[in-house]
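Dear colleague,

Here is the structure you were expecting.

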Amino acid sequence: MNHEIIIETEVDGAEEYADLLRQVIPAALDAQRVDVPCEVDVLLTNDEGIRQINLEQREVDRPTDVLSFPMFDFQPGEIPAGEDADPGSNLVPLGDMVISLERARAQGEEFGHGTRREVAYLAVHSVLHLLGYDHMDEGPMKAQMREREEIILGRLGIGREGQDG
């Protein structure tokens with residue numbers, strides 16, 4: 001499937017993650033059986049950049065690792081349809097994701113699996129949010145989302161151990 005992944009960067013060194021994101025995001029869409037071409041917009045920023053967006057969009061004045069802004073209100077497991085496509089591009093605009101590379105580096109170090117694995121995880125996590133998954137409670141929805149994340153990362157050969165920094 002020819003998905004369009006648009007990546008903007010606000011921080012130095014972010015370009016090295018562009019190829020990874022262009023691999024991981026379509027793989028996550030494929031694993032979710034999305035069979036129409038989609039567009040996903042990604043902003044790579046730092047803690048201050050994501051804090052500002054979090055404040056403006058969610059009225060939460062603190063940084064976070066990833067923010068997702070879905071264009072549609074899907075239910076988990078529901079996939080976009082051709083009628084959701086933009087007539088000009090013939091792509092379904094799934095939404096936007098914002099990743100703090102500063103937070104990804106810190107979490108990758110904290111969890112012992114490196115920045116690349118953490119960025120991949122955050123991208124998969126965000127794709128699932130764009131497709132209607134949520135984890136606001138500690139119950140079955142969170143477990144379902146975590147299971148999907150690990151399946152997708154496993155298909156990509158991105159495990160928790162041995163990743164670079």
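The crossing of α3 and α4 is right-handed (the near helix is turned clockwise from the far one by less than a right angle). Helices here are DSSP runs of H or I with at least four residues, strands are runs of E with at least two, and both are numbered from the N terminus. The axes of α3 (101–111) and α4 come within 8 Å and cross at roughly 115 degrees. Axes are lines fitted to C-alpha atoms, for helices over the stretch in contact, and angles run from 0 to 180 degrees between N-to-C directions.

This is a predicted model, in which local features need pLDDT of at least 70 and side-chain atom pairs count only at pLDDT 80 or more, while totals for chains, interfaces and linings use all residues. Residues are numbered from 1 along each chain as its sequence is written, and side-chain values use heavy atoms, with hydrogens and water left out.

In the α3 and α4 contact (heavy atoms within 4.5 Å), L101, A104, R105, Q107, G108 and F111 of α3 meet G114, T115, E118, V119 and L122 of α4. These residues divide into 5 nonpolar, 4 polar and 2 charged (Ala, Val, Leu, Ile, Met, Phe, Trp, Tyr, Cys and Pro are nonpolar; Asp, Glu, Lys and Arg are charged; the others, Gly among them, are polar).

Helix α4 (residues 114–130) also packs with α5 (residues 140–155), at an angle of about 130 degrees and with the axes 10 Å apart. The two are therefore oblique to each other (angles under 35 degrees are roughly parallel, over 145 roughly antiparallel, 65 to 115 roughly perpendicular, and the rest oblique). This crossing is right-handed too.

The largest nonpolar core has 42 residues, and L21, I25, V42, L44, L94, M97 and I99 have the most contacts inside it. Such a core is a set of buried Ala, Val, Leu, Ile, Met, Phe, Trp, Tyr and Cys residues joined through side-chain atoms within 4.5 Å; buried means under 20% relative accessible area, exposed over 50%, partly exposed in between (1.4 Å probe, protein chains only). Helix α4 gives the most to this core, with 9 residues. A second, separate core of 5 residues includes L43, I53, L67 and V98.

G132 lies in the loop between α4 and α5 and is buried, at 19% relative accessible area. Leaving aside residues up to four places away in sequence, G132 touches F74, Q75 and P76.

Regards
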